[in-house]
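Please have the coordinates open while reading.

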Amino acid sequence: MPRLPRVMANTGIYHVMLRGVNRMNIFLNHDDKAKFLEILGNMNSEGEYTLYGYCIMDNHVHLLIKEERDPISRTMKRICISYSYYFNKKYERVGHLFQDRFRSERIESEDYLLACIRYIHNNPIKALIVEEPSDYEWSSYNAYIGKLNNEDEIISTEFILNIFSENKSRAIKEFQKFSVLDCEKVFMDLEDAEEKEEDVEKFQVEKIEQILKSYKLTLEDLPELKDKKIRTRIIREIDANVNLSTRQMSNIIGISKDTIARALRDS
């Protein structure tokens, strides 16, 4: 089954989350986080997007971003490819770095926008890394309160600060007060994404097991199956009934991606 198209925001503003494949850390030290910030600046050399906020954790990133010249999908693809190239070259690895495509949610109101920037900046507090958002080096919070040099203009703070007041000093004070308030709004987070993935994977495995049961086989039997015609028929049936990429199917049924691709190509 093809993926559903991403629902676009009327405002063009999105809360985006990137995370490491298989829950791996994608930032192993401060230099990696600094490189990601450099890429955010470089990828926006001609105003392709506006970045309102970020928080870089070890295994995921939150961004509050508005599409401008480029659609959000193209922007995120460019950012991910650039950082993946850097990371894989530095650590001599190959393969995907980020978990599937990026996750996003639309920001359609001023209230939701403000709640989202607060949520992003409070991620390190939720993770028990720091006690105050200003104590965390790798978020945009300090750019908002004037403690972080923003000469490269990676972050655009004016739009959100002006919601609080057109007087910058007053706006910063109100922003700081707002940032410590409790929030009832729910935003996507890493734990929620992982729980949903586990539920989906469990459902996928159960569907595959049902298919195999009709052939009087188990998951353990399939890689050892000698009858290529039956194996091809099973692969095609799984593909028709379970929403999986070739890589995902390979991981579950223990058959190489090339073998699966040949079975589907010849159908």
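## Confidence

The model is predicted. Over residues 1-5 the pLDDT stays under 50, and for this stretch the model has 4 contacts beyond four places in sequence. Where pLDDT is low, the predicted coordinates should not be read in detail.

For the chain, the average pLDDT is 85, with 87% of the residues scoring at least 70. Confidence is highest in strand β2 (residues 49-56), at a mean of 96. The lowest value belongs to helix α8 (residues 190-214), which has a mean of 69.

## Asparagine 142

Helix α5, which spans residues 141-144, contains asparagine 142. This residue counts as buried because its relative accessibility is 9%, under the 20% cut-off.

Leaving aside residues up to four places away in sequence, asparagine 142 is in contact with Ser134, Tyr136, Lys147 and Leu148.

## Residues with positive phi

Leucine 128 is not a glycine, yet its phi is positive, at about 65 degrees. The residue sits in the loop between α4 (123-126) and α5. With a relative accessibility of 76%, leucine 128 counts as exposed, since the value is over 50%.

Lysine 216 is another residue other than glycine with a positive phi, in this case near 60 degrees. Its place is the loop between α8 and α9 (228-241). Lysine 216 has a relative accessible area of 78% and is therefore exposed.

Technical notes: Residues are numbered from 1 along each chain as its sequence is written. This is a predicted model: local features need pLDDT of at least 70, side-chain atom pairs count only at pLDDT 80 or more; totals for chains, interfaces and linings use all residues. Side-chain values use heavy atoms; hydrogens and water are left out. Helices (H or I, at least four residues) and strands (E, at least two) are DSSP runs, numbered from the N terminus. Buried means under 20% relative accessible area, exposed over 50%, partly exposed in between (1.4 Å probe, protein chains only). Contact means heavy atoms within 4.5 Å. pLDDT is the predictor's confidence in each residue, from 0 to 100.
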